[in-house]
Amino acid sequence: LTHHHRVFYQDHFHAGGKVPLGLKTKGLRIVVTGGAGFVGSHLVDRLIARGDSVIVVDNFFTGQKENVMHHFRNPRFELIRHDVVEPLLLEVDQIYHLACPASPVHYKFNPVKTIISFLKITNVVGTLNMLGLAKRVGARFLLTSTSVRSCYDEGKRTAETLTMDYHRGAGVEARIARIFNTYGPRMCIDDGRVVSNFVAQALRKEPLTVYGDGQQTRSFQYVSDLVEGLMRLMEGEHVGPFNLGNPGEFTMIELAQVVQETIDPNAKIEFKPNTEDDPHKRKPDITKAKDLLGWEPKVSLRQGLPLMVSDFRQRIFGDQKEGSA
Ligand code: NAD
Ligand code: UDP
Ligand code: UDP
């Protein structure tokens, strides 16, 4: 049997034949592309806990097996190594499309090449394939778009446009989330984002690198809040786009101070030159998500950061040294 047949066969068996989509609230068949990544793996945890069958599709560009390994023995979980740029045949009810080469380090090293090769191809062809899949099987499709990085916005904008085209033209049930800076356990340690940098630096007794004068602001959302927002968006009746982020705003100096309080009051701060195009301020307006999805973030930075720190401590120092840093 091909994979596609196997999944179909299994689901038929479990459901005792075709069940009309609208009648099912639990036990859905769900694909999460990029499900071995930071956000995706937390989403998978929630879906599995809810009773759904989850297929993770990931090429491990930045994701890792370790993030979903705890589900390997669960018969409702499947992991496929696959690049979404290639067509994919599955029978599913919902598609959470998170796959994207999202790490800013890759952009800063070679932005031009990156735009052409990774962004266009993954965001355009990858999104097109997942929309084609959604159209063929009548699945609901959720795109994780962004508010964020300059050379990375372009690919996401195209992906949003494609999503709306398939929604209007082919009747695909579409959902669009625009995600703001998110942190938490399983974040890539060395991907260059500010929260992961500061936490790793403080744990390793290195100075916290503040770019520019550190007066630029960001709003940091804990990953469980984002996952709740994504699931409400998928289950709700509105296409969006919805901003999903935590409006609590911090300068990079303030963030460094929270990291000092949480990990090491003696951690030093080192100022480094910033890039010219760095946005001075970013804070989501989440009125629409509040009104239409009944969603708002619950976890403050001071509550969420310690949860991320224990995960980073374990990954950086290993089990035997846990608690010694
Ligand atoms: P991540 O890098 O941890 O996850 C992305 C996953 O996609 C990885 O597991 C990677 O291996 C996989 N992937 C990349 N290219 C692929 C391909 N061609 N085929 C199959 N899999 C592929 O990043 P994340 O932070 O979890 O981001 C998840 C989504 O949320 C992304 O679409 C990202 O653009 C979006 N987003 C995240 C943030 C944030 O702050 N974390 C902000 C804005 C938007
Ligand atoms: N596609 C896919 N899985 C499917 C259905 C489609 O990967 O189950 C891909 C297909 O290979 C194509 C893209 O999605 O590249 C768009 O499909 P669609 O049917 O919308 O367009 P067409 O194939 O008619 O150009
Ligand atoms: N930044 C910093 N030190 C670092 C990494 C980033 O001061 O080690 C700053 C960066 O200049 C930006 C902010 O932190 O102003 C957020 O950067 P990140 O790459 O995490 O997210 P984005 O800029 O995409 O919002």
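Quick housekeeping. This is a predicted model, where local features need pLDDT of at least 70, side-chain atom pairs count only at pLDDT 80 or more, and totals for chains, interfaces and linings use all residues. Residues are numbered from 1 along each chain as its sequence is written, while chains are lettered from A and ligands numbered from 1 in the order in which they are written.

Back to the ligands. I'll sort residues like this: Ala, Val, Leu, Ile, Met, Phe, Trp, Tyr, Cys and Pro are nonpolar, Asp, Glu, Lys and Arg are charged, and the others, Gly among them, are polar.

Ligand 1 has 32 residues around it, and Gly-34, Gly-37, Val-39, Gly-63 and Cys-100 come nearest. Helices (H or I, at least four residues) and strands (E, at least two) are DSSP runs, numbered from the N terminus. Helix 2 (38–50), strand 2 (53–58), helix 4 (111–137) and strand 5 (140–146) each give two or more residues to the shell of ligand 1. The largest share, 3 residues, is from helix 2. By class, that shell splits into 16 nonpolar, 14 polar and 2 charged.

And ligand 3? It has 16 residues around it, the closest being Arg-193, Val-194, Asn-197, Thr-209 and Tyr-211. Helix 6 (194–203) and strand 8 (208–211) are the elements giving two or more residues there, and strand 8 gives the most, with 3. The classes come out as 6 nonpolar, 5 polar and 5 charged.

Okay, zooming out. The chain has 10 helices and 13 strands. Of its 325 residues, 40% are buried, meaning that 20 or more other C-beta atoms lie within 10 Å of a residue's own; exposed is 12 or fewer, partly exposed is in between, and C-beta atoms are placed from the backbone.

Now, which residues have the most contacts inside the largest nonpolar core? Such a core is a set of buried Ala, Val, Leu, Ile, Met, Phe, Trp, Tyr and Cys residues joined through C-beta atoms within 7 Å. This one has 74 residues, and the answer is Ile-95 and Phe-141. Two residues are in contact if their C-beta atoms, placed from the backbone, lie within 7 Å. Skipping neighbours within four places in sequence, Ile-95 touches Val-31, Met-130, Leu-133, Ala-134, Ala-139, Phe-141 and Leu-142.

Last stop, helix 10, residues 301–317. Its buried residues are Leu-301, Gly-304, Leu-305, Met-308 and Phe-312. The buried residues of helix 10 pack against strand 7 (182–183), helix 6, strand 10 (221–222), strand 12 (249–251) and helix 8. Just after helix 10, Gly-318 has a positive phi of about 80°.

Notes:
Near = placed C-beta within 6 Å.
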